[in-house]
Amino acid sequence: MDVSRRFEHSSLSRPLRRFVRSERGLSLIELLVVIPMMTVVLLGIYALYNVGAKSQQRNDSRVTTLLREQNGLERLTREMRQAVSFTPVSSQILDAVTYVRPVGGGPSTQRHVRYECLDGACTRYEGTVGGSLGTGATVIANVQNPDVFFFSPDTVNPTYVSVKLEVTVKGANNPIVLDGGFALRNQQGG
């Protein structure tokens, strides 16, 4: 039984039956008008999604870089704060005998540690006390400023060292400035 005939036998009102009979589907012209409109709407939604995804990726990169550089600065200040012997070589190099926890765990041991902030990176060197330093590992990358360490009250017998790092981050217009410092409270002689 045809749909239109089924409605004729039902208790629907006459205007409603006429409306149902006149609806037989979409014409080709209607489809040709709707498909481009839907395409424009879907492309607009995709463009908004794409812009949001790229922005999120840039933000993730900035946050990851910032956290990595902050961890490097925290490690530097923690190790130098515990220094038993400290030598301020320059505004770019710190040399100290300090306590370092071994990678595999266990109690901290005295080690010779040097931080060199040269050529756009702060590199950490470690070796035995009185021995040679091993291969360096970069702890802070993309450093812009040449002078990183500032000594108070003077460079001969400092009691406090300030650290200021200007770090470039991919996708950021301005460098990130990391400030820190440490008192040389454990120092026995310099």
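1. In this predicted model, the residues that line the largest pocket divide into six charged, four nonpolar and three polar. The space in that pocket comes to about 240 Å³, and among the 13 lining residues the closest to its centre are Arg78, Glu79, Tyr99, Val100 and Arg101.

2. Which elements give two or more residues to this lining? They are helix 3 (28–81), strand 2 (93–100) and strand 3 (109–118), and helix 3 gives the most, with three residues.

3. Elsewhere in the description, three strands form an open sheet in the order 6-7-8, with antiparallel pairing. Strand 6 (149–152) and strand 8 (176–183) stand at the edges and have a single partner strand each, so one side of each is left without a neighbour in the sheet. On average, and with direction ignored, neighbouring strands of this sheet are turned by 15° against each other.

4. Strand 7 (residues 160–167) runs antiparallel to strand 8, and eight bridges join the two. Within this pairing, Ser162 is found opposite Gly181 of strand 8.

5. Helix 3 also packs on the sheet, where it touches strand 6, strand 7 and strand 8, and the direction of helix 3 makes about 15° with that of strand 8.

Methods: Residues numbered from 1 in each chain as written. Predicted model: local features only at pLDDT ≥ 70, side-chain atom pairs only at ≥ 80, totals over all residues. Heavy atoms only, no water. 1 Å grid on protein atoms, 1.4 Å probe; cavity = no way out; pocket = protein on both sides within 12 Å on 5 of 7 lines; lining within 4 Å. Points joined across faces, edges and corners; volume = space filled by probe spheres on them. Helix = DSSP H or I, 4+ residues; strand = E, 2+ residues; numbered from the N terminus. Nonpolar A, V, L, I, M, F, W, Y, C, P; charged D, E, K, R; others polar. Pairing = 2+ DSSP bridges. Axes fitted to C-alpha atoms, helices over the stretch in contact; angles between N-to-C directions. Contact = heavy atoms within 4.5 Å.
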